[in-house]
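Morning, everyone. Let me put the structure up, and then I'll walk you through it.

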Amino acid sequence: MPEELARLSRLSAVTMCSQSGASHIGAALSVIDILAVLYGEVADVDPHRTEDPSRDIVLVSKGHSASGVYAVLAHAGYFPVAWLDDYYLDGSHLGGHVTAHGIPGVELSTGALGHALPFGVGRALTDRLDGVNRHVFVVLSDGECAEGSNWEAALMAAHHRLGNVTVIVDRNRLQILGRTEDVLGLEPFADKWRAFGWDVTEVDGHDHGQLAAALAPRSGAQEARPRLVIAHTVKGKGVDFMEDKVEWHTLVPSPEHLAAAIAQLETNTTEEPA
Amino acid sequence: MRDAFVAKLTTAAADDPRIMLLVGDLGFGVVANFGDAFPRQFLNCGVAEQSMVGIAAGMAASGRRPFVYSIANFPTLRPLEQIRNDVCYHGLGVTIVSVGAGLAYGALGYTHHAVEDISILRALPGMRVYSPADAMECRAAVEEILKDPSPAYLRLGKNKEPLMHADQPDLSTGAPLLLREGVDVTVLVAGPIVTQALEVAEAAAEEGLSVRVLTCPVIKPLNAEAVRAAAEGTCGIVTLEEHTVMGGFGGAVLEAFAVRGWRTPILPLGLDDAATHIIGGQEWIRERAGLSTEHVHRRIRDFTRQAA
């Protein structure tokens with residue numbers, strides 16, 4: 001189920017960016033497997049209960065991956081797939097950064113980086129006060145971990161032992177002007193989060209089985225700590241000429257790029273057969 | 001005013017479990033009682049204002065009514081983007097409370113002077129802006145804020161401001177509140193600096209100038225009709241605030257009159273466009289930064305002569 005959701009979403013995201021002249025396709029392809037596993041399998045969310053107070057909360061802090069987020073939500077049934085056709089165009093429902101207003105399934109409008117984790121900590125703290133047993137998932141980009149607000153909220157989540165928070169970092173190692181380690185190094189990244197008191201795991205961010213296992217409910221002492229999943233990903237995943245290329249954060253796929261991408265994405269599944 | 005705010009919020013919190021008080025590790029000796037009385041409605045977020053406002057937004061999205069409390073510019077300018085995107089973009093019922101606005105923290109220096117906050121906060125969409133002049137207006141402002149689950153900014157002085165009202169005024173229409181009748185010129189004041197306007201009015205009376213003084217604690221939404229009506233029969237309006245004149249309370253009044261084509265003469269008085277390097281208490285800096293009583297008196301006298 002997440003595999004097909006991811007495949008359809010990649011096809012849609014590339015098409016959306018190409019047709020509308022939008023950037024950020026690399027970031028969308030990078031995060032789509034994470035979103036497909038969250039919305040399609042792990043998170044307790046449902047297109048028919050988007051206002052249900054017991055639903056899990058999924059927050060996508062990397063708002064620039066909007067084409068991927070919207071594609072996953074549409075193919076998961078949150079709103080008509082036809083809405084994707086005029087993404088980023090005048091009068092569309094769907095803009096170039098994730099917007100909550102009128103979009104079922106989106107909990108928080110993002111676009112400026114470093115905003116979703118503090119917001120998620122606020123929701124998780126309230127859930128704890130209310131005795132609400134649900135989970136808050138926050139998807140961060142790796143580049144945005146340079147934002148101090150994330151580390152402020154990381155302190156807060158650990159201090160209050162918010163085991164009901166999981167952050168997934170889309171660790172594709174690229175940002176707008178270069179490699180994360182060249183721009184403003186994050187390593188030792190896992191150690192930083194561990195030192196902040198988080199329960200850290202690392203997975204292949206395109207392996208749905210690994211993602212699902214890392215995002216499953218925990219037990220015991222781990223449960224009392226916020227969880228950080230470093231999802232090692234490839235920016236531009238699924239389209240060979242976009243993979244791990246810094247320029248595909250910004251470039252818009254031409255009609256030729258689109259045709260080549262579709263040819264690859266229609267035949268490939270996101271996971272290689274074992 | 002600070003104690004009045006905490007007392008009012010304490011009373012409200014007893015009746016409304018949705019009310020939360022979030023502090024950025026400030027309020028020694030002020031907020032502890034609230035925390036003791038309502039531990040489940042109190043959260044010290046540490047010296048981390050961006051996170052604090054984001055957390056408040058998350059709590060508001062979960063149905064709470066958070067009040068984010070700190071001093072000077074710390075709950076406003078530091079987390080400005082969180083206020084704009086997380087709170088205002090989503091229309092959430094978060095209230096930002098700044099204690100010691102204006103020059104109240106005088107000798108602590110310019111970092112602690114909140115003198116651009118009105119301009120900046122009132123530019124945010126849907127943000128209600130309240131600048132009470134005394135404890136009574138402060139209590140009324142808290143009540144107004146709680147009536148509506150939308151973003152609000154409460155700009156407070158520090159403490160021991162003289163009372164301007166015997167009872168809690170009604171702020172529901174946003175109309176200015178008359179403190180002293182006068183027939184020559186109208187002075188509209190936002191905040192505790194109203195004491196200076198009253199001093200000027202007293203001194204002016206001795207020279208035969210009759211000054212009407214009102215406070216206008218509801219800066220946004222500004223009740224422009226009521227502001228105009230408040231000045232009726234006088235030659236014009238002088239606004240007074242402990243804040244830069246650019247975009248502040250006076251700016252709000254000027255805008256409201258200009259867009260309506262009203263021809264009432266208006267003189268905005270406040271701080272100059274300069275970061276102050278003067279060290280001293282609130283009165284000391286006022287004296288030297290364009291807000292001395294003598295200076296304000298002279299400006300009002302000159303304005304009245306020209307406008308009349």
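A:Cys17 counts as buried, with 29 C-beta neighbours inside 10 Å. Buried here means 20 or more other C-beta atoms within 10 Å of the residue's own; exposed means 12 or fewer, partly exposed is in between, and C-beta atoms are placed from the backbone.

Quick housekeeping. This is a predicted model: local features need pLDDT of at least 70, side-chain atom pairs count only at pLDDT 80 or more, and totals for chains, interfaces and linings use all residues. Residues are numbered from 1 along each chain as its sequence is written, while chains are lettered from A and ligands numbered from 1 in the order in which they are written.

Back to A:Cys17. It sits in helix H1 of chain A, residues 2-20. Helices are DSSP runs of H or I, at least four residues; strands are runs of E, at least two; both are numbered from the N terminus. What does A:Cys17 touch, leaving out residues up to four places away in sequence? A:Ala22, A:Ile25, A:Ser67, A:Val252 and A:Pro253. Touching, or contact, means C-beta atoms, placed from the backbone, within 7 Å. A:Ala28 is 11 residues from A:Cys17 in sequence, and 9.9 Å away in space, C-alpha to C-alpha.

Now a residue in chain B. B:Gly250 is in helix H9, residues 249-260. Buried or exposed? Buried, with 25 other C-beta atoms within 10 Å. Not counting residues up to four places away in sequence, B:Gly250 touches B:Thr239, B:Glu241, B:Val245, B:Pro268, B:Leu269 and B:Gly270. B:Leu156 is 94 residues from B:Gly250 in sequence and 18 Å from it in space, C-alpha to C-alpha.

Step back to the whole of chain B. It has 11 helices and 12 strands. Its radius of gyration is 19 Å, close to the 19 Å from the globule rule for 308 residues, so chain B is as compact as a globular protein of that length. That radius is taken over C-alpha atoms, and the rule is 2.2 Å times the number of residues to the power 0.38. The C-alpha trace spans about 55 × 40 × 35 Å along its principal axes. Buried residues make up 55% of the 308 in chain B. Of the chain B contacts between residues at least 6 apart in sequence, 77% join residues at least 24 apart.

Next, helix packing. In chain B, the axes of H1 (residues 2-15) and H6 (residues 135-147) come within 9 Å and cross at roughly 35 degrees. From H1(B), the contact uses B:Ala4, B:Phe5, B:Lys8, B:Leu9 and B:Ala12; from H6(B), B:Ala135, B:Cys138, B:Arg139, B:Val142 and B:Leu146. By class, that is eight nonpolar, no polar and two charged residues. Nonpolar covers Ala, Val, Leu, Ile, Met, Phe, Trp, Tyr, Cys and Pro; charged covers Asp, Glu, Lys and Arg; the others, Gly among them, are polar.

Last, the two chains together. 19 residues of chain A are in contact with 21 residues of chain B. On the chain A side, helices H4 (116-130) and H5 (148-159) each supply at least two residues. H4(A) gives the largest share, nine residues. By class, that side of chain A has 10 nonpolar, seven polar and two charged residues.

Note on methods:
Two residues are in contact if their C-beta atoms, placed from the backbone, lie within 7 Å. Axes are lines fitted to C-alpha atoms, for helices over the stretch in contact, and angles run from 0 to 180 degrees between N-to-C directions.
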